[in-house]
Amino acid sequence: MTIADLVIEKLRHLPAGKQQEVLSYVESLSNEKRTNENLLSLEGIWADLGFNITAEDIAEARREMWGNFPRDIS
């Protein structure tokens, strides 16, 4: 018997209110997992916005930022 089968069997013996609590808890676990996955990569933040940032884009931004570093301030 799988874990899912065991959970379903136990769930069937709970009253409706407790079943709803279990459902809410499982949904919160799913949302937490999705949030953690998105935090691991910035790609998750803008995945639905159609941005495509390449390694070359990042390298160019770095060259622009650090191009004249260190500079003589005297």
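Student: What makes L49, F51, I53 and I58 a nonpolar patch on the surface?

Tutor: Patches take residues with over 30% relative accessible area and no salt bridge; nonpolar side chains (Val, Leu, Ile, Met, Phe, Trp, Tyr) are joined within 5 Å, like charges within 9 Å. L49, F51, I53 and I58 form such a patch, with about 400 Å² of accessible area together. Areas come from the Shrake-Rupley method with a 1.4 Å probe, and for residues only the protein chains shown count as cover. This is a predicted model: local features need pLDDT of at least 70, side-chain atom pairs count only at pLDDT 80 or more, and totals for chains, interfaces and linings use all residues. Residues are numbered from 1 along each chain as its sequence is written, and side-chain values use heavy atoms, without hydrogens and water.

Student: Why is I53 called partly exposed?

Tutor: Buried means under 20% relative accessible area, exposed over 50%, partly exposed in between. I53 has 43%, so I53 is partly exposed.

Student: How do you know that R12 forms a salt bridge with E9?

Tutor: A salt bridge needs a side-chain nitrogen of Lys or Arg within 4 Å of a carboxyl oxygen of Asp or Glu. The closest N and O atoms of R12 and E9 are 3.9 Å apart, so the pair qualifies.

Student: Why does R12 count as exposed?

Tutor: R12 has 60% relative accessibility, so R12 counts as exposed. E9, at 35%, counts as partly exposed.

Student: What makes R63 and E56 a salt bridge?

Tutor: Their side chains meet at 2.8 Å, N to O. R63 is partly exposed at 49%, and E56 is partly exposed at 46%.

Methods:
Buried means under 20% relative accessible area, exposed over 50%, partly exposed in between (1.4 Å probe, protein chains only).
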